[in-house]
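Take a walk through this fold, from the overall make-up down to single side chains. Keep the sequence and the model side by side.

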Amino acid sequence: MALLLYSSLHPPTSPLNPKLNSLSTPLPNAVVTKRQLIINTTTSFSIIFGVQQNPVPQCLAQPSNPSKPSVLNIANTKAWFQFYGDGFAIRVPPEFEDIMEPEDFNAGASLYGDKAKPRPFAARFASTDGSEVLSVVIRPTNQLKITFLEAQDITDLGSIKDAAKIFVPGGATLYNARTIKIKEDEGFKTYYFYEFGRDEQHIAIMAAVNGGKAIIAGTTAPQSKWDDDGVKLRSAAISLTVL
């Protein structure tokens, strides 16, 4: 499951380029368009968030153990545009563009009794060059962990260490894992935050559960870009608020 979630987070893959690394293969006229780059970035994000109709087996591989937790540097995002989605809100970094496609909005609707196809993304934004992506996906918790009870809090999926098997793909280098509690009117809401690297991509995930649904925000960028924009991207993921 973690591997499927991983593919949702990171840049979308075009049909001709199933892996981000395949961008190194020359395209016609040696031109990589912004749309192609966004497609490759979003594909990895789709793997992480399990963009498919049927529940998938949980990944048995364990992520690499993180070293001593580092300071979590974040920026003040109050001046950023706040996007409101279905049961969540998130801050969007300046100059990021909405890259949701018409089919993303049409997914979830059924015709003539056909089974509705789940929407791959609840929100999706990208930098002007398409190399940095912010995405939000919503999944039933019983697709992430088999249980007879409806999860009401992310702790119902296990401890932050146990839930890493769901959110962090095997073979990834885990840089940070934090439990974050946000004060609400009726108490505190628990979120799990993970930051890791895989396949030369750097990814940050913020996840929470509400009413049997997992709401997961993630940002991704090439490691070379994260060195400069990591604080901004990490802050965007952490700005997720469950409504």
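Predicted model: local features only at pLDDT ≥ 70, side-chain atom pairs only at ≥ 80, totals over all residues.

Residues are numbered from 1 along each chain as its sequence is written, and side-chain values use heavy atoms, with hydrogens and water left out.

Begin with the whole protein. Its secondary structure comes to six helices and 11 strands. Helices (H or I, at least four residues) and strands (E, at least two) are DSSP runs, numbered from the N terminus. Of the 243 residues, 49% are buried. Buried means under 20% relative accessible area, exposed means over 50%, and partly exposed lies in between (1.4 Å probe, protein chains only). A contact means heavy atoms within 4.5 Å. Among contacts between residues at least 6 apart in sequence, 68% join residues at least 24 apart.

Now go to helix 6, residues 223–238. How far does helix 6 span between its end C-alpha atoms? It spans only 19 Å, whereas a straight helix of 16 residues would span 22 Å at 1.5 Å a residue. The expected span is 1.5 Å times one less than the number of residues. Helix 6 also bends, by about 85 degrees at Asp229. The bend at a residue is the angle between axes fitted to the seven residues ending there and the seven starting there.

Much can be said about what lies around this helix. The buried residues of helix 6 are Trp226, Gly230, Leu233, Arg234, Ser235, Ala236, Ala237 and Ile238. Their cover includes strand 3 (88–92), strand 6 (133–140), strand 8, strand 9 (201–210) and strand 10 (213–222).

Salt bridges come next. A salt bridge is a side-chain nitrogen of Lys or Arg within 4 Å of a carboxyl oxygen of Asp or Glu. By this rule the count comes to four. One of them joins the side chains of Lys232 and Glu132, at 3.6 Å from N to O. Lys232 lies in helix 6 and Glu132 in the loop between strand 5 (123–126) and strand 6, so the pair ties together parts that are 100 residues apart in sequence. Lys232 is partly exposed, with a relative accessible area of 24%. Glu132 counts as buried, at 2% relative accessibility.

Helix 6 has another such link. Arg234 forms a salt bridge with Glu195, and their closest N and O atoms are 2.7 Å apart. Arg234 belongs to helix 6 and Glu195 to strand 8, so this pair ties together parts that are 39 residues apart in sequence. Arg234 is buried, with a relative accessible area of 11%. Glu195 is buried too, at 4%. Elsewhere, the side chains of Arg198 and Asp199 meet in a salt bridge at 3.3 Å, N to O. Asp199 is partly exposed, at 42% relative accessibility.

Stay with strand 8 (residues 187–198), which holds Lys189. Lys189 is buried yet has no salt bridge. Which side chain of opposite charge is nearest to Lys189? It is Asp153, 4.5 Å away. Lys and Arg count as positive here, Asp and Glu as negative, and His and the chain ends are not counted. The side chain of Lys189 instead reaches the backbone oxygen of Val209, at 2.5 Å. Leaving out residues up to four places away in sequence, Lys189 touches Gln152, Ile180, Lys181, Ile182, Glu184, Val209, Asn210 and Val242.

Turn to Asp153 itself. It sits in the loop between helix 4 (141–144) and helix 5 (160–167). Asp153 is buried, with a relative accessible area of 17%. Neighbours within four places aside, Asp153 is in contact with Thr190 and Val209. Its side chain makes a polar contact with the side chain of Thr155, at 2.7 Å. A polar contact is a pair of N or O atoms within 3.5 Å; within protein, one must be able to donate a hydrogen and the other to accept it, and residues adjacent in sequence count only if both atoms are side-chain atoms. The C-alpha atoms of Asp153 and Gly211 are 8.1 Å apart, across 58 residues of chain.

Finish with backbone angles. Most residues other than glycine have a negative phi. Glu95 has a phi near 75 degrees, a positive value. Glu95 is in the loop between strand 3 and strand 4 (97–98), and it is exposed at 65% relative accessibility. Glu200 also has a positive phi, near 65 degrees. Its place is the loop between strand 8 and strand 9. Glu200 is exposed, with a relative accessible area of 64%.
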